[in-house]
Amino acid sequence: MTALPLHRSLLVAVVAATLGIGVGHAAEKAAKPAASAKSIEAALAKPLAGDWRDAKNSARDVYRHPAQTLAFFGVQPGQTVIEITPGGGWYSEVLAPYLKDHGRYVAAVWDDAIPDQPKYRYSLNTALRAKFAGNPAVYGAPDVRVFDPKAPVFGPAGGADTVLTFRNAHNWVSDGNAPAYFKAFFDALKPGGVLGVVDHRAKPGTDVEKMKTSGYLTEALVIELAQGAGFVLDAKSEINANAKDGTDHPNGVWTLPPSNRHDAADAAKYKAIGESDRMTLRFKKPG
């Protein structure tokens, strides 16, 4: 077995003596590696092939690369994973079954007891709950956890292994409350926990007002928000990049699929581009 560094060896010895177990056994426990990206992708093959998935969702795998993305974020059974505002449940159809028997999937949704919010928030929450309730054999009993968007809290402090957010950060930047969200992610995660962010990527140097109207954010801004909350940038990936997307469209990112807010005559043009160019960033909470 590979030798541990001296300071770690001493720590393991102290822990082993305290618990009454052998040093070798303690060292093996301490050195146990996380699942590899390859093994995570293999484990995700079953939920990704599930017949419960909406056909329209499955058709978007080519753009969203769910197996590679979740593997990059290190999502594996046994974890508590919080997905922020899962909307119609695109990733829920994969994550909830994946974590059902070993782990915990938390869908963090806008608190629909708060009046006068945009109507889509109420309808999406209703549809997501119905999706889970309609197929407990597949989804188990996911934790649908509500939060106040003006003062977000995503659960007990230090309770989650991973927080995931897909194509949401641009909304918080537009609303002016992005720092509060990133601080809440930090608080919800265990030391060493992972924050995974995917969002539409603006060209470097794009000004904030342009970001707010276009739906595209610079990587620099997202990194600044995360670091401001205490996170450390752990890695970037080009899994969800799209070199065909020039990011300058008449109706911002919503011009492209799946929103397709464009003139009918331009359908072929935007279909050829596909979905947006996206950043994929992995942050860690120190500790």
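**View 1. Strand S2 and its parallel neighbours.** Val81 stands opposite Tyr105 in S2. S1 (residues 80-84) and S2 run parallel and are joined by five bridges; two strands count as paired if DSSP finds at least two bridges between them. Helices (H or I, at least four residues) and strands (E, at least two) are DSSP runs, numbered from the N terminus. From S1 the chain passes through helix H7 (residues 92-99) to S2, a right-handed β-α-β crossover. Right-handed here means that, with the strands pointing away from the viewer, the path from the first strand over the helix to the second runs clockwise. Strand S2 (residues 104-110) is mostly covered, with six of its seven residues buried. Buried means under 20% relative accessible area, exposed over 50%, and partly exposed in between (1.4 Å probe, protein chains only). S2 also pairs with strand S3 (residues 143-147), parallel again, over five bridges. There, Val109 has Val146 in S3 as its bridge partner.

The model is predicted: local features need pLDDT of at least 70, side-chain atom pairs count only at pLDDT 80 or more, and totals for chains, interfaces and linings use all residues. Residues are numbered from 1 along each chain as its sequence is written, and side-chain values use heavy atoms, with hydrogens and water left out.

**View 2. Strand S4 between S1 and S5.** S4 pairs with S1 in the parallel sense over three bridges. Ile82 stands opposite Val163 in S4. S4 and S5 also run parallel, joined by six bridges. Leu164 has Gly196 in S5 as its bridge partner. S4 is mostly covered: six of its seven residues are buried.

**View 3. The largest nonpolar core.** A nonpolar core is a set of buried Ala, Val, Leu, Ile, Met, Phe, Trp, Tyr and Cys residues joined through side-chain atoms within 4.5 Å. The largest has 34 residues; Ile82, Phe154, Phe182, Phe185, Leu195, Phe231 and Phe283 touch the most other members. Elements that give two or more residues include S1, S2, strand S4 (160-166), strand S5 (189-200) and strand S7 (278-284). Helix H11 gives the most, with seven residues. In soluble globular proteins, nonpolar side chains tend to be buried together.

**View 4. The largest pocket.** On a 1 Å grid over the protein atoms alone, a pocket is an open set of points with protein on both sides within 12 Å along at least five of seven lines; a cavity is a set where a 1.4 Å probe fits but cannot get out; lining residues have an atom within 4 Å of a point. Grid points are joined across faces, edges and corners, and a volume is the space filled by probe spheres set on the points. The largest pocket holds about 1000 Å³. It is lined by 45 residues, with Tyr120, Arg167, Asn168, His170 and Asn171 the closest to its centre. S1, helix H8 (119-133), H10 and helix H12 (208-214) each give two or more residues to the lining. H10 gives the most, with five residues. By class, the lining has 19 nonpolar, 15 polar and 11 charged residues. Ala, Val, Leu, Ile, Met, Phe, Trp, Tyr, Cys and Pro count as nonpolar, Asp, Glu, Lys and Arg as charged, and the others, Gly among them, as polar.

**View 5. The second largest pocket.** Its volume is about 240 Å³. Of its 18 lining residues, Ala34, Gly74, Gln76, Gln79 and Val194 lie nearest the centre. S5 gives the most to this lining, with three residues. Eight lining residues are nonpolar, seven polar and three charged.

**View 6. The cavity.** One cavity of 30 Å³ or more is found in a search of the whole structure. The largest cavity holds about 40 Å³. Its lining is Arg64, Thr69, Tyr91, Phe166, Arg167, Val198, Asn240 and Arg278.

**View 7. Two positive phi values.** Thr85 is not a glycine, yet its phi is positive, about 40°. Thr85 sits in the loop between S1 and H7 and is buried, at 9% relative accessible area. Arg167 also has a positive phi, near 55°. Arg167 lies in the loop between S4 and H10 and is partly exposed, at 22% relative accessibility.

**View 8. Prolines between S6 and H14.** The peptide bond from Pro257 to Pro258 is cis, with omega near 5°. Pro250 is in the loop between strand S6 (232-237) and helix H14 (267-273). Pro250 is exposed, at 64% relative accessibility. Pro250 and Arg261 lie 11 residues apart in sequence and 8.9 Å apart in space, C-alpha to C-alpha.
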